[in-house]
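This report concerns the aromatic side chains of one protein model. Please consult the sequence and the structure shown here alongside the text.

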Amino acid sequence: MAEGLNFQEIVTQAAEKKTQWIESKVCPKLLENYRILHSTVVNIINILTQKGLITPDPYKKEKKITSIEVPEDTDFTSGERSSVLGIRLSDYELTLDFICNYYKFSMQALSLSQIKVLVNFNNFLQWKNLSPNASQPSTRGLAEVIAAFRQNGEPISVKILNTGVSDATKMLSEINAMLKECSDLQRELYKLQVRKNILDNGVVSWSKIKSVTDAVQQVKKRFPIYMPKTFFYPELIEEIYKEDTSSESIQLQTVVLEKLKISEPTKEKKATPVNPAVYITDAVRLLPSLEPSLEMIISKLKDNSALLQNQQKTVLKKLMKALRKAFHLKDAQIEYNIPVFDAVTREQKNEKIIFNQFIADLTKTTNLYGAILNQESPVTQKIFAQKEADLCTFVSKQIADVQEYLVVIQGFDTFFKSALDKSNKTKVKGLSMEITSVKSTLAKINQRKVDYLAVIEEQSQLKKLGIKHE
């Protein structure tokens, strides 16, 4: 242990560092893995549905997922297999969609109870042990369906399905490992709170306690007073007592510090997937991630424009506005001459932008991304009905459009900060945070597109060389 620091102080410092690491590294990776898992599951369901091995849930459109729940996993007969699996896989996929688009991955959200919910959901299907002899009915039924497909399906479809099962296995293994890291940290944070709120205050003194059982009972008595609305975990109280008083306390404390160590995983080279569609569909599914930042940008731009318009009001302008309102006429177009960066000449120039039209165009694009969240919407179905190459073109256009929007948005950010007078400058709403968020999401979307094109190019080269792509 560090000189001059006791065990509790060392754990506190290590827990703070581990929390920052999990928030910045692990939580984004968790979301990314769940999104890949979701895309993979959608592909597997589509393959099995097209071959008539499972029956689509007729009530899927009516179901609204608002929390993470494990699908039913009771026994069913072989005659019920197709319809029952169809419903359960649909519920599984809808929950994954909810996790990817609505769940907030953070240490605050990932409480011990919530981690348990996620782990139970992850274990609903044992992708690693798909076997007709599996103990879980849904896993067993899915294994039987996949086995039947492997016997009668086309080789390329079988390869795609096998890759999907392999990807699902890998994603869940990584997800559960990351959730274990979060759980270990939450347990130590919980123990630190008990030490601080109950032990450090002298509410309970280990010197007066002779057994583990007595330690748990004494802490439990004081728990509702000193840690209200907090779930009581007796096993964690036992750990605290043993770490502080047992003959093995040094070894137990060492184990705690080992759990709190930050270990960056070594990056493995990505294996080229057989099905490049996973990458491009995932790129499309990332588009809704742009919606919250774009909506905030629209709101802030409107507020900043209103400030400037109010500042520039004259008697004539007020009269014209009153007349338009009286005769139910549309508001006059607002034009701003803003600085924009020309990517070709690498120089800044002024450009006249019709504000109303720009906001309308940006709103339309934002609404499109919001619509993609709903898998059953006509917009989403139309997008995903396209061929892979057309999907890639669609993604490329969205990236280019948003990049063009960003150039103008950055121009407006600069413009409003300089155009407003001193009395209004403090009221200007900056856009830096939202611009950074949009750029970060765009980079992720573009990377998926690049991965897709790389796989397509590799397959093309193999074909030219007369090598069949497996």
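## Basis of the model

The model is predicted, with local features requiring pLDDT of at least 70, side-chain atom pairs counted only at pLDDT 80 or more, and totals for chains, interfaces and linings using all residues. Residues are numbered from 1 along each chain as its sequence is written, and side-chain values use heavy atoms, leaving out hydrogens and water.

## A pair between distant parts of the chain

The structure contains 19 aromatic pairs. Rings of Phe, Tyr and Trp (its six-membered ring) pair if their centres lie within 6.5 Å; planes under 30 degrees apart are stacked, over 60 edge-to-face, and the rest tilted.

One of these is the tilted pair of Y92 and F124, at 5.6 Å centre to centre with 45 degrees between the planes. Y92 belongs to helix α2 (residues 81-102), whereas F124 lies in the loop between α3 (112-122) and α4 (137-152), 32 residues apart. Helices are DSSP runs (H or I, at least four residues), numbered from the N terminus. Y92 is buried, at 0% relative accessible area, and F124 is buried at 3%; buried means under 20% (1.4 Å probe, protein chains only).

F412 and F416 are stacked, 5.6 Å centre to centre and 15 degrees between the planes. Both lie in helix α14 (residues 388-419), four residues apart, about one turn of the helix. F412 is buried at 0% relative accessibility, and F416 is buried at 1%.

Ring pairs also join F412 and F416 with Y336, F355, F358, Y405 and F415 in a cluster.

## A charge over a ring

R285 lies over the face of F384, 4.7 Å from the ring centre. The criterion is NZ of Lys or CZ of Arg within 6 Å of the ring centre and within 35 degrees of the ring normal.

Definitions and conventions
Helix = DSSP H or I, 4+ residues; strand = E, 2+ residues; numbered from the N terminus. Buried < 20%, exposed > 50% of the residue type's maximum accessible area, 1.4 Å probe, protein only.
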